[in-house]
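This report takes up ring pairs, charges over rings, helix packing and a few backbone details. Please keep the model open while reading.

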Amino acid sequence: MSGLNAFWPKWFTWMDPLSRTQQIKDYVALANKVRWQRQGSFLVAAVLAGCYFNPVITLVCYLGVFFSDVLDLLMCAKAASWDVKNQKVAVRLMIWIAVNTVISAVTICTFIICIALQQPSGGHFTPLIFLFSASLFATMYNSQMMGILLLRLSIYGVTFLFIAFLDVLRYHPSLSSPIWLNLFTVFFVLYFMIDISLKFSQNYKEQLDRLRIIKEESEKAKIASEIKSQFISTVSHELRTPLTSIKGSLDLANSGLLGEVPEKLKRVLGIAVKNGQRLEKLVNDLLDVQKIEAGKMEFQLERLNVNELVKESIESATGYAEKLGIHVTTILPAREMFIQGDHSRLVQVMNNLLSNAFKFSNENGSVQVRVTSDGDHVRISVQDEGLGIPESARDRIFRSFSQVDSSDRRKVEGTGLGLNIAKQIVERHAGTIDYTSEHGVGSTFYIELPLSHVGIAELPPGDRAPRELPPSRNRAANGTG
Ligand code: ADP
């Protein structure tokens with residue numbers, strides 16, 4: 001891109017299609033923004049001139065400026081429906097803008113010259129101030145197109161000089177006359193106008209360059225992220241197939257169907273199975289993260305009974321709880337509540353919260369699962385009395401690959417992906433996930449999901465508040481972490 005900039009000379013960026021497109025877009029956006037402000041200023045100037053000078057000439061000039069604004073409006077409407085790829089239209093729009101500029105500048109200058117001609121002498125304060133204001137306005141709002149700005153300013157410049165020379169031609173004053181002073185002052189103002197137009201235009205060009213760099217960088221970042229996602233997806237898929245076969249073989253060997261397994265080998269096989277499960281979890285989590293990032297995680301929404309969902313999730317995690325000696329209690333509302341959700345994904349979220357609660361609990365600790373509702377949302381909380389989370393970790397707890405203790409010495413296994421995936425799943429259900437925690441005392445992770453009101457409507461009034469059930473001991477199943 002910088003190559004392109006070097007190729008197109010500084011003031012001819014309009015020849016480069018990318019710059020031209022951006023310039024037209026910026027011009028149109030600004031023109032739409034300042035059109036009424038410009039018309040308002042010109043109306044005030046016309047009313048003033050109409051009161052002190054010839055009102056007919058003023059009206060004709062005002063109509064001329066109005067006409068050029070109508071043309072500008074039409075051009076902006078055309079630009080709005082322009083397919084930016086069609087550069088022929090871009091060139092036509094440029095020509096249109098140039099023609100409008102000439103019409104508008106010539107009309108404004110005619111108006112100003114008419115005022116100057118009607119003044120016998122005295123420095124032509126009013127027309128010069130009008131002209132100065134028009135030039136300043138153009139400098140501020142036309143700096144996207146240096147060519148157009150130069151066109152307008154040259155017409156204004158000629159008018160400046162004409163007004164400045166008007167009295168010199170009329171009165172042939174001596175060099176000490178204030179008429180010459182006026183002329184030199186006009187030269188100074190002209191220099192000043194050219195200087196600030198160059199600065200505005202330079203600023204605009206720098207902005208365009210920055211915009212290009214940002215676009216290029218974001219394009220590169222997008223490509224890099226796509227390559228990364230593709231890489232993760234390929235590696236994970238390639239790992240999953242051999243892993244399934246390794247796990248299958250280990251399970252077969254462990255089952256004793258291939259012959260009796262000696263005690264020493266059992267221990268080694270046990271370690272291999274455990275590590276196989278860890279690897280499988282990592283691969284599955286990576287695939288989920290990649291699916292979420294690519295927006296490819298699909299959800300099969302159905303009406304779900306919250307109590308059933310919670311019971312099922314606890315059941316599938318109790319094996320892990322029992323292995324760690326964790327006592328699980330559930331407090332469910334007496335009446336049923338319903339949500340719209342993807343069953344297996346929500347069980348996955350619950351499994352993550354439960355397995356975290358178990359593995360970060362102290363040995364023989366307790367975990368309580370509770371379902372409550374405010375009538376619009378259901379809250380499922382998982383409370384443990386374990387390690388707790390320091391406040392300093394709050395910002396990163398839901399980020400991917402984030403673990404409070406990520407050192408090699410940590411006792412608890414994990415990928416640091418579970419909560420990140422859980423958050424994305426819950427948010428895709430229009431819900432929220434959060435936690436409260438006290439370091440060393442325990443944590444409560446909870447998800448809140450909107451209730452499906454079909455279910456709520458079926459409830460008799462007053463039955464929406466949950467009633468607590470007595471704690472229950474849970475049966476064994478397999479846990480994940
Ligand atoms: P993983 O458990 O696989 O490391 P998660 O994303 O599920 O990944 O959790 C991220 C981190 O959040 C954990 O490593 C742990 O530091 C912290 N964490 C999550 N749940 C709890 C909990 N109940 N008690 C204490 N720390 C927790």
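Is Phe137 buried or exposed? Phe137 is buried, because its relative accessible area is 18% and the cut-off for buried is under 20%. The model is a predicted one.

## The Phe137–Tyr141 pair

Phe137 has a ring partner in Tyr141. The two ring centres lie 4.7 Å apart. Their planes meet at 55°, so the pair counts as tilted.

## Aromatic pairs and a cluster

The structure contains 13 aromatic pairs. One of them joins Phe42 and Phe111, with ring centres 5.2 Å apart. The planes of Phe42 and Phe111 stand at 55°, so this pair is tilted. Phe42 sits in helix α2 (residues 17–52), and Phe111 sits in helix α4 (residues 87–118). The pair therefore ties together parts that are 69 residues apart in sequence.

Phe42 and Phe111 are both buried. They also belong to one aromatic cluster, together with Tyr62, Phe66 and Phe130.

## Charges over rings

Two arginines are placed over aromatic rings. Arg303 holds its charged end over the ring of Phe338, 4.0 Å from the ring centre. Arg379 lies over the face of Tyr446. Here the distance to the ring centre is 3.8 Å.

## Packing of α5 against α6

Two packed helices are described by the angle between their axes and the distance between the axes. Helix α5 packs on helix α6, which covers residues 146–171. The angle is about 165°, and the axes are 10 Å apart. Helices α5 and α6 are therefore roughly antiparallel, since angles over 145 degrees fall in that class. The crossing of α5 past α6 is left-handed.

On the α5 side, the contact is made by Pro127, Leu128, Leu131, Phe132, Ala134, Ser135, Ala138 and Thr139. On the α6 side, the contact residues are Leu149, Arg152, Leu153, Tyr156, Thr159, Phe160 and Ile163.

## Positive phi in two loops

His172 is not a glycine, but its phi is positive, near 40°. His172 is in the loop between α6 and α7 (178–255). With a relative accessible area of 65%, His172 is exposed.

Where is Asn364 found? Asn364 is in the loop between α10 (343–359) and β4 (366–373). Its phi is positive, at about 60°, although Asn364 is not a glycine. Asn364 has 58% relative accessibility, so it counts as exposed; the cut-off for exposed is over 50%.

Leu250 is placed in helix α7. Its relative accessibility is 14%, so Leu250 counts as buried.

Which residues does Leu250 touch, not counting residues up to four places away in sequence? Leu250 touches Leu269, Ala272 and Val273. Leu250 and Leu269 are 19 residues apart along the chain. Their C-alpha atoms are separated by 6.8 Å.

Technical notes. Residues numbered from 1 in each chain as written. Predicted model: local features only at pLDDT ≥ 70, side-chain atom pairs only at ≥ 80, totals over all residues. Heavy atoms only, no water. Phe/Tyr/Trp six-rings, centres within 6.5 Å; stacked < 30°, edge-to-face > 60°. Helix = DSSP H or I, 4+ residues; strand = E, 2+ residues; numbered from the N terminus. Buried < 20%, exposed > 50% of the residue type's maximum accessible area, 1.4 Å probe, protein only. Lys NZ or Arg CZ within 6 Å of the ring centre and 35° of its normal. Axes fitted to C-alpha atoms, helices over the stretch in contact; angles between N-to-C directions. Parallel < 35°, antiparallel > 145°, perpendicular 65-115°, else oblique. Left-handed = near helix turned anticlockwise from the far one by under 90°. Contact = heavy atoms within 4.5 Å.
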